[in-house]
Amino acid sequence: AAAPEGETASAASSGSRAGDSTVVGKAPNGEPLYAAEWYRRPRDAELSPYLSRRALGPGWGLIACRTVADHRVEGCQELGEGPRGSGYAGSVRQAAWQFRVRAPRVGGKELTGTWVSIRITYGNVDSE
């Protein structure tokens, strides 16, 4: 079974206010990359059709996506996977059209159009 996760990191930028979304790195275009917060977690039935044939056993896929209206994402890019060569990142990217995440919040305002990091873990595997 897959376990969708929002990226969690304590690397919030200094000066951030309570309730602001956590910055976890840089997006593919250099803008801030925020930890995803699920509006609705994807179901196994939505994820499983996109599993790579190379994806055997537990693993994870990490992608970055731009948030758009209706809690959707677009323009997703693969950031990493484990184990390497498993195809999990591609599986997550292909299934992302179904994902519903909240736009990052800064200063109490939702920032639709910003980038979020989404990690899906498949099977029983420790987070990396």
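## Salt bridges, core and disulfide

Glu31 counts as partly exposed, at 31% relative accessibility. On the scale used here, buried means under 20% relative accessible area, exposed means over 50%, and partly exposed covers what lies in between (1.4 Å probe, protein chains only). The model is a predicted one, so local features need pLDDT of at least 70 and side-chain atom pairs count only at pLDDT 80 or more, while totals for chains, interfaces and linings use all residues. Residues are numbered from 1 along each chain as its sequence is written, and side-chain values use heavy atoms, with hydrogens and water left out.

Now for the partner of Glu31. The residue forms a salt bridge with Arg66, and the closest N and O atoms are 3.8 Å apart. Glu31 sits in the loop between strand 2 (23-26) and strand 3 (32-35) while Arg66 belongs to strand 5, so the pair ties together parts that are 35 residues apart in sequence. Arg66 is also partly exposed, with 23% relative accessibility. The rule behind the term asks for a side-chain nitrogen of Lys or Arg within 4 Å of a carboxyl oxygen of Asp or Glu, and by that rule the count comes to seven salt bridges.

Glu46 turns up in two of these pairings. With Arg40 it makes a salt bridge in which the closest N and O atoms are 3.1 Å apart, and with Arg43 the side chains meet at 3.4 Å, N to O. Glu46 itself is buried, with a relative accessible area of 14%. Elsewhere, Glu37, Arg102 and Arg105 are linked in a network of salt bridges.

Arg105 comes up again around Ser21. Ser21 touches Tyr34, Pro104 and Arg105, leaving aside residues up to four places away in sequence; contact here means heavy atoms within 4.5 Å. The place of Ser21 is in the loop between strand 1 (2-6) and strand 2, and at 14% relative accessibility the residue counts as buried.

Zooming out, the protein has two helices and ten strands, taken as DSSP runs (H or I over at least four residues for helices, E over at least two for strands) and numbered from the N terminus. Read along the sequence, the pattern is β-β-β-β-α-β-β-α-β-β-β-β. Of the 128 residues, 43% count as buried. Among contacts with a separation of 6 or more, residues 24 or more positions apart account for 70%.

On to the inside. In soluble globular proteins, nonpolar side chains tend to be buried together. A nonpolar core is defined as a set of buried Ala, Val, Leu, Ile, Met, Phe, Trp, Tyr and Cys residues joined through side-chain atoms within 4.5 Å. The largest such core holds 20 residues, and those with the most contacts inside it are Ile63, Val73, Phe99, Ile118 and Ile120. Strand 5 (59-68), strand 6 (72-82), helix 2 (88-95) and strand 10 (115-122) are the elements that give two or more residues to this core. Strand 10 supplies the largest share, four residues.

Helix 2 deserves a look of its own. Six of its eight residues are buried, so the helix is largely enclosed by the rest of the structure. The buried ones are Tyr88, Ala89, Gly90, Ser91, Val92 and Ala95. What covers them includes helix 1 (44-47), strand 5, strand 6 and strand 10.

Cys65 is joined to Cys76, with S to S at 2.0 Å. The torsion about the S-S bond of this pair is about 115°, so the disulfide is right-handed. Cys65 in strand 5 and Cys76 in strand 6 are eleven residues apart, and the pair links distant parts of the chain. Both ends are tucked away: Cys65 is buried at 0% relative accessibility, and Cys76 is buried with a relative accessible area of 17%.

How values were computed. A disulfide is a pair of cysteine sulfur atoms within 2.5 Å.
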